[in-house]
Each structure stands twice: as structure tokens, then as C-alpha cells.
Amino acid sequence: GYIFSTNTLRTKTTAEPSANYFGLKTELYAKPDSAFISKLKSIKKNTLITGHSNTVDDIVNMFFDEKKVEGDLKDTEYDNLFIVKKKGKKYSFEQTKY
């Protein structure tokens, strides 16, 4: 339903295949603040967010009252996929590699 990326070549390039496949426009975001998280929480469709090693943990953790991702990822980690699902008013979390 939606794709979000920061305005860097790497994150936009990561989002591009999905955007092309689903015929979606990638929307840019500047930082993972409470306004951005509120926007994400209001979306009722599947959403892809590409981010950076020092902000992905913030995005995931802002959905929960506890830390799900302990801290910034290593700059060399490019294969993490964090899945946040909503069922009713509750969120669940899963981490995997791609």
C-alpha cells in the first residue's frame, strides 16, 4: 500500500524494486519522529519503510512500550528485516534476515 524512504540513494534504491513491482510512489521522510510514527499507525495497508542503521531501531521501538531492537545496527548490517504487524490495537514484532 505505501513505501517510505529517506532521501538517500541507498534507501531509495532499496525501495525502488518494490515500488516498481506494486506500482507505488515512494514517499520521503526526514526522520522517525512521533508525527511520522502517528502517520504510520494510521495506515491500514502494508507499508515498506527503508531506513538507516541508526534510525531503524527508533522506528520499530516507537511502536511499542518496550525496546524490541536494542540499539543502532552495525553499519555493515544490510540484511535485517523488521516486521511490525497490527492486529486490532496491538502490535507484534518479528526480526528476520533477507
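This is a predicted model: local features need pLDDT of at least 70, side-chain atom pairs count only at pLDDT 80 or more; totals for chains, interfaces and linings use all residues.
Residues are numbered from 1 along each chain as its sequence is written, and side-chain values use heavy atoms, with hydrogens and water left out.

The protein holds 3 helices and 5 strands, where helices (H or I, at least four residues) and strands (E, at least two) are DSSP runs numbered from the N terminus. Read from the N terminus, these elements follow the order β-α-β-α-β-α-β-β. The radius of gyration is 13 Å, close to the 13 Å that the globule rule gives for 98 residues, so the protein is as compact as a globular protein of that length; the radius is taken over C-alpha atoms, and the rule is 2.2 Å times the number of residues to the power 0.38. Of the 98 residues, 30% count as buried, meaning under 20% relative accessible area, with exposed set at over 50% and partly exposed in between (1.4 Å probe, protein chains only).

Strand β4 (residues 80-87) pairs with strand β5 (residues 90-97) in the antiparallel sense over 8 bridges, pairing being called if DSSP finds at least two bridges between two strands. The two strands form a hairpin with 2 residues between them, and G88 in the turn has a positive phi of about 70 degrees. K87 has K90 in β5 as its bridge partner.

N80 is found in β4, and this residue counts as buried because its relative accessibility is 12%. Its side chain makes polar contacts with the side chain of Q95 at 3.0 Å and with that of K97 at 3.1 Å; such a contact is a pair of N or O atoms within 3.5 Å, where within protein one must be able to donate a hydrogen and the other to accept it, and residues adjacent in sequence count only if both atoms are side-chain atoms.

The aromatic pairs come to 8, counted for rings of Phe, Tyr and Trp (its six-membered ring) with centres within 6.5 Å, planes under 30 degrees apart being stacked, over 60 edge-to-face and the rest tilted.
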